[in-house]
Every structure is written in C-alpha cells, then in structure tokens.
Amino acid sequence: MPYLITGATGDIGSKVVELLIHRGYRPRVFVRGAEKARSRFGDRVDIFVGDLADTKTLHTALEGIDGLFLVNSGPEIPVRDELAAKAAKAVGVRHLVKLSSMDVQQGLAIGAWHERGEAAIRASGIPFTFVQPTGFMSNLLAWAPSIKTEGIVCSSTGDGRRAFIHSDDIAAVAAEALTTHTYIGESLPITGPEALTFAEVTSKIATAIGKQLSFQPITDDEARQRYSAISSSTEETEAHVALWRAIREGRLATVTPNVESILGRKPIPMDQWITENVTTFQ
C-alpha cells in the first residue's frame, strides 16, 4: 500500500517518511526539488517533483497511491487543500491524512485557514483524518538569536499557556493514522504533556544553557512590528498577532490525552526537547 508524503523535506514530513521506511514501506515523496530529497533519503524513496498548486504533477504522483499525507502552510491552505483532495479523490486514493492545527477549535488566525482546508477536504468526499497539533516545540528555535545576543525573549503572549508538542510526536501520530486506517473520519487534537507559559519555557532554557535569561512581555503593536520585519505578508503577520493574543487570553492552553492513547506512551516533555536543542541556544 504505497503512500505519498508532501512536505517531505520539512520538519514533520521528513520524520513521517523516516517512520514509514522504518516500518518497511518505500514511500513516494512529493517535493519541489529532487536534490534535497535525494540527499536526505537516498534511494529509499521514490521522488516526484512538482507543486501542490500544479494539479498535473500532483495527479502523476498520486497514481496508484493508497494514502496521502498532506502538508500545506500559509494563507493558501484552503485552496491547496481543496486541489489536493479533489486530485486524490479523482485517482482513487483511499485515505488523506492532513496536518492541520488544534487552533481550528478557536477558528482564529492560522487555525482559520486550516478550518477552511478541512471543510474542503470533507466536501470532496475522500476518507480523511485530521491531525491537529498545538504549537510546535520546534517553533521556539526562532528565539535563539535574541537569547544568544541579548539574553531575552520577547512575546505578546503574557501569562498565557501553550501545551507545546514535539515534532516526533506529531509525525508518529500522523504515521499511525496513515498506516492503520484506524482514525478515518476523525480529528485528532494532540498536545504535549503540559501547558507552559512562555516565561516558564524561557526559564527552562536558561537552566539548560546555564545563562540568565529574561522574558519581556510586549504589546500586540510591538509584536506586529517585529513580525512584519521578517514577513512580507500582512495577512500572515496579523494571523500571528491574533494567535499570540489568543494564547494571552488563555484560549489555547488545552492539554489532550491523545498522544498517549494513540501511541501507547506519554508525549515527549519540553525538557527533553530543550536538551536535544541546547546547542542552538548557546
């Protein structure tokens, strides 16, 4: 039962590919450039070059596929999810697993894009599973420059909490959903083991690197200015500001038991992720 993995050289997609290989499968990977995929996976995968906005290349990659792991990002999520779902349905794919977001429950910010993408997939009629992680621990790597140069972390999240999840847990749940078909028709909101404030995470990193760090709350306007400096998209900037505001308001602090119920083990804690990435912050 062959599988096609999109986003195969990214954080989650690459881990899903490795898990499938470990289980004895030879997955197909759908990438924009073959060189990076070949460097990462060698001859253990079949490489298809294309773009999720190009239905012709996607159709070719999907021929004969049993399951599709779909990764999209940015404001174009709804459109690209719809294109992929229709293409998969047309060639007889039996199961689509979408990397979504737990933020769909609030219908805000980036979660709103995923919510519309999920709706398009449902409307296509293809059997689906939505893997809905909370905030990725790996996103905290963006703090590294200010930690190393200034010893500070600035955020507009205030005292709000987030149950950050390890990428390995996201990929493991996705691979389980893709290969077992146990969760067809379900949404799987998944989190780490505890909801932490950004100040608490900052303190944990400080302990790990043996350096005094300070957490500095900032306003939404300050957060907007900082993010717009690295993003050319006003829509993406406003989505992130809305996300951080929702965290500050306590709307995204839920912890679910789903990682343990699906994988039979507890989710990976923040302390382990920090240990794995400690040199990045030093």
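Where is Tyr 183 found? Tyr 183 sits in the loop between α7 and β9, helices (H or I, at least four residues) and strands (E, at least two) being DSSP runs numbered from the N terminus.

## Model and conventions

This is a predicted model, in which local features need pLDDT of at least 70 and side-chain atom pairs count only at pLDDT 80 or more, while totals for chains, interfaces and linings use all residues. Residues are numbered from 1 along each chain as its sequence is written, and side-chain values use heavy atoms, with hydrogens and water left out.

## Overall architecture

The secondary structure of the chain amounts to 13 helices and 11 strands. The C-alpha trace spans about 55 × 35 × 35 Å along its principal axes. For 282 residues, a compact globule would have a radius of gyration near 19 Å, and the chain agrees with 19 Å; this radius is taken over C-alpha atoms, and the globule rule is 2.2 Å times the number of residues to the power 0.38.

Of the 282 residues, 53% count as buried, where buried means under 20% relative accessible area, exposed over 50%, and partly exposed in between (1.4 Å probe, protein chains only). The chain exposes about 12300 Å², with carbon and sulfur atoms supplying 49% of it; accessible areas come from the Shrake-Rupley method with a 1.4 Å probe, and for residues only the protein chains shown count as cover. Among contacts (heavy atoms within 4.5 Å) between residues at least 6 apart in sequence, 75% join residues at least 24 apart.

## Nonpolar cores

A nonpolar core is a set of buried Ala, Val, Leu, Ile, Met, Phe, Trp, Tyr and Cys residues joined through side-chain atoms within 4.5 Å. In the largest core, which has 36 residues, Trp 143, Ile 147, Val 201, Ile 205, Met 270 and Phe 281 touch the most other members. Elements that each supply at least two residues of this core include α5 (109-124), α8 (198-209) and β7 (152-155). Helix α10 gives the most to this core, with 6 residues.

Beyond four places in sequence, Ile 147 touches Ile 152, Val 153, Ile 205, Ile 209, Lys 211, Leu 213 and Phe 281. Another core, of 30 residues, lies apart from the largest one, and Tyr 3, Ala 174, Leu 188 and Ile 190 are among its members.

His 166 is found in the loop between β8 (161-162) and α7 (167-180). This histidine is buried, with a relative accessible area of 4%. Its contacts beyond four places in sequence are Met 137, Ile 268, Trp 273 and Glu 276. The side chains of His 166 and Glu 276 are joined by a polar contact of 2.7 Å, a polar contact being a pair of N or O atoms within 3.5 Å; within protein, one must be able to donate a hydrogen and the other to accept it, and residues adjacent in sequence count only if both atoms are side-chain atoms.

Because 11 of its 14 residues are buried, α7 is largely enclosed by the rest of the structure. The buried residues include Ser 167, Asp 169, Ala 174 and Thr 179. At 1.5 Å a residue, α7 should span 20 Å, and its end C-alpha atoms are 20 Å apart, which agrees; the expected span is 1.5 Å times one less than the number of residues.

## The loop from α7 to β9

His 181 lies in the loop between α7 and β9 (186-190). Although not a glycine, His 181 has a positive phi of about 60°. Most residues other than glycine have a negative phi.

Tyr 183 counts as buried at 15% relative accessibility. Not counting residues up to four places away in sequence, Tyr 183 touches Phe 128, Thr 129, Glu 176, Ala 177, Leu 188 and Ile 262.
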